[in-house]
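Please read the report below alongside the sequence and the coordinates. It goes through the model one region at a time.

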Amino acid sequence: MARYKEIGLEQFAVGVIGARYVGLATGACLARIGHWVTCVDKDPDLIAELRNGGMPFFEPGLEELVARGKSEGRLSFEDGEALAGVVEDSDAVFIAVGTPQGDDGAPDLSNVAAVARGIGRALAGGRGRENPLVVVNKSTVPVGSGDYVTTLVREGAGDAEVDFRVVSNPEFLREGSAVHDTLFPNRIVVGFDHPEVGEFMRRLYGPIIERSFAQRDEPRGVVPFVATDLASAEMIKYAANAFLAVKISFINEISNLCEITGADVKSVATGIGLDERIGSRFLEAGVGWGGSCFPKDVNALRATARKNGYEPTLLDAAVTTNDHQRELAVTKLERNLHTLEGKRVTLLGLAFKPGTDDLRESPSLWIARVLHARGARVVGYDPVVAAARLSSPDLEVAADPYGALSGAHAAVVVTEWEEVVSLDLRRAAALMSAPRLLVDGRNALDPAAVRASGLTYEGFGHG
Ligand SMILES: NC(=O)c1ccc[n+]([C@@H]2O[C@H](COP(=O)([O-])OP(=O)(O)OC[C@H]3O[C@@H](n4cnc5c(N)ncnc54)[C@H](O)[C@@H]3O)[C@@H](O)[C@H]2O)c1
């Protein structure tokens, strides 16, 4: 605490509403750089666990950072009832609640609306600060929602004159590296329509922008601060996720063409990725994208387009290709096993990517559902998704990979966890039943090593 005072950095009182992947990482990192943070969540069990030193979800490094913030007295946790008090005492309130996909593809904004109205009600009750409250929206919301938040805050305030400014500050963290991405982002995007709040956000993020707290071996240099209008900030978030989703679907389409023509998609990805205009990331072929962001954000952008009379053909195609990749995993199984009826299939990895226990829109759940519906017995293994967390009629969860593989006719690598790619393949082959098929849904294993261990190998886009 003294450190920041000594070097003259400013400290603000900040409320963060929503305390899971985005809210908790934001709150803990803002505390880490010297602010006073209260995280609020409507889930009382989550708050109780955080207060008691527990970590309600898996996110590397976050537990330690939360413990540090608590021990320094900079980070505290409150349930939803505390919103009014937090608004009263804060310079800024971050909205970091979930915006899940609604039935029509557009995001369900009811959580954002509840928080914005609550902030309005609290503002109507008065505030102990002179400056207008800065309402920072971190939830991913459709383009144009900045105005919507303003409207809702006013609605919540009723007839009272209230003083606040809405800022759009989209979040780009990746689950599995949320702490690193929040402390060392590659850019900070802030959309606003009053210059003084842009300046406030620059001061709030000062130590992150300057990387003034970086230790040896940590990134140095100034973080680009993209100051823009509200709508553009909201669009930047969608455009970033849509671009990455399209890039993955692109290499998957090339992968399918490689299978037809006899080319090897891994060589192709290396060959095109070395062109710096293309870049090598997100060029891994396989069962496609999932998770809590890409599917819902791409669908939200498609819904925005259609609502405005525009046909988003490229985004539609990216989704079609992505759906096809999951089906392809099942096709590869059926082709080798002839029928799925009565077969035992192991899913290696359940989370939508390594480093997280998030199962939202994970390809594993879709594949398990289809395999189960076609008569297979499906057993899953994941290093961090415990059986207790996943109650699905479609699959059983085994505690270790070899238990999951025992008696299996086939296995599918769905998540390229280290525990999965470093499996003892000979042991796996000894435990499995003929035809001992391994479908490498992430092209993560060495085909020659898999085959040498006695397994039948099928990758995506190569022999
Ligand atoms: N998870 C990611 O990797 C990621 C990355 C970038 C952006 N985002 C976006 O950030 C937002 C939050 O994502 P997340 O993954 O942390 O969401 P999440 O669904 O995991 O958690 C949201 C939390 O908000 C709480 N909440 C909902 N309504 C509330 C209310 N009225 N008052 C108080 N708390 C409330 C919930 O109880 C929950 O704990 C979403 O819009 C998401 O699209 C997520």
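The sections that follow describe a predicted model, taking the ligand shell, the sheet, the helix packing and the backbone in turn.

## The shell around the ligand

Among the 28 residues around the ligand, those that come nearest are G18, R20, G98, N111 and S139. Three elements, helix 2 (21-32), strand 2 (36-41) and helix 6 (110-124), each supply at least two residues of this shell. When the shell is divided by class, 12 of its residues are nonpolar, 9 are polar and 7 are charged.

## Packing of helix 2 and helix 4

Helix 2, which contributes to the ligand shell, also packs with helix 4 (residues 62-71), at an angle of about 50° and with the two axes 9 Å apart. Angles under 35 degrees count as roughly parallel and those from 65 to 115 as roughly perpendicular, and helix 2 and helix 4 are therefore oblique to each other. Their crossing is left-handed.

On the side of helix 2 the contact is formed by L24, A25, A28, C29, A31 and R32, which meet L62, L65, V66, R68 and G69 in helix 4. By class, this contact of helix 2 with helix 4 has 8 nonpolar residues, 1 polar residue and 2 charged residues.

## The open sheet and the helices across it

Strands of a sheet pair through backbone hydrogen bonds, either parallel or antiparallel. Here an open sheet of 6 strands shows parallel pairing, in the order 11-10-9-12-13-14. The edges are taken by strand 11 (396-398) and strand 14 (456-458), each of which has a single partner strand, so that one side of each is left without a neighbour in the sheet. With direction ignored, neighbouring strands of this sheet are turned against each other by 25° on average.

Helix 15 (residues 363-373) lies across strand 9, strand 10 and strand 12, and runs at about 160° to strand 10, whereas helix 14 lies across strand 9 (344-348), strand 12 (410-413), strand 13 (437-440) and strand 14, running at about 160° to strand 13.

## Helix 14 and its helical partners

Two packed helices are described by the angle between their axes and the distance between the axes. For helix 11 (residues 230-261) and helix 14 (residues 313-337), the axes come within 9 Å and cross at roughly 55°, and these two helices are therefore oblique to each other. Helix 11 passes helix 14 in a left-handed crossing, with the contact made by A242, A245, V246, S249, N252 and E253 of helix 11 and by L314, L315, A318, T321, N322 and Q325 of helix 14. This contact of helix 11 with helix 14 comprises 6 nonpolar, 5 polar and 1 charged residues.

Helix 13 and helix 14 also form a left-handed crossing, in which their axes come within 10 Å and cross at roughly 145°. In this contact V298, L301 and R302 of helix 13 meet L315, D316, A318 and V319 of helix 14, and the residues divide into 5 nonpolar, no polar and 2 charged.

## Two backbone details

Most residues other than glycine have a negative phi, and most peptide bonds are trans. F282, in the loop between helix 12 (265-273) and helix 13 (294-307), has a phi near 60°, a positive value in a residue other than glycine. A cis peptide bond, with omega about 15°, joins A434 and P435, and P435 is found in the loop between helix 18 (425-431) and strand 13.

Technical notes. Residues numbered from 1 in each chain as written. Predicted model: local features only at pLDDT ≥ 70, side-chain atom pairs only at ≥ 80, totals over all residues. Axes fitted to C-alpha atoms, helices over the stretch in contact; angles between N-to-C directions. Helix = DSSP H or I, 4+ residues; strand = E, 2+ residues; numbered from the N terminus. Parallel < 35°, antiparallel > 145°, perpendicular 65-115°, else oblique. Left-handed = near helix turned anticlockwise from the far one by under 90°. Contact = placed C-beta atoms within 7 Å. Nonpolar A, V, L, I, M, F, W, Y, C, P; charged D, E, K, R; others polar. Near = placed C-beta within 6 Å. Pairing = 2+ DSSP bridges.
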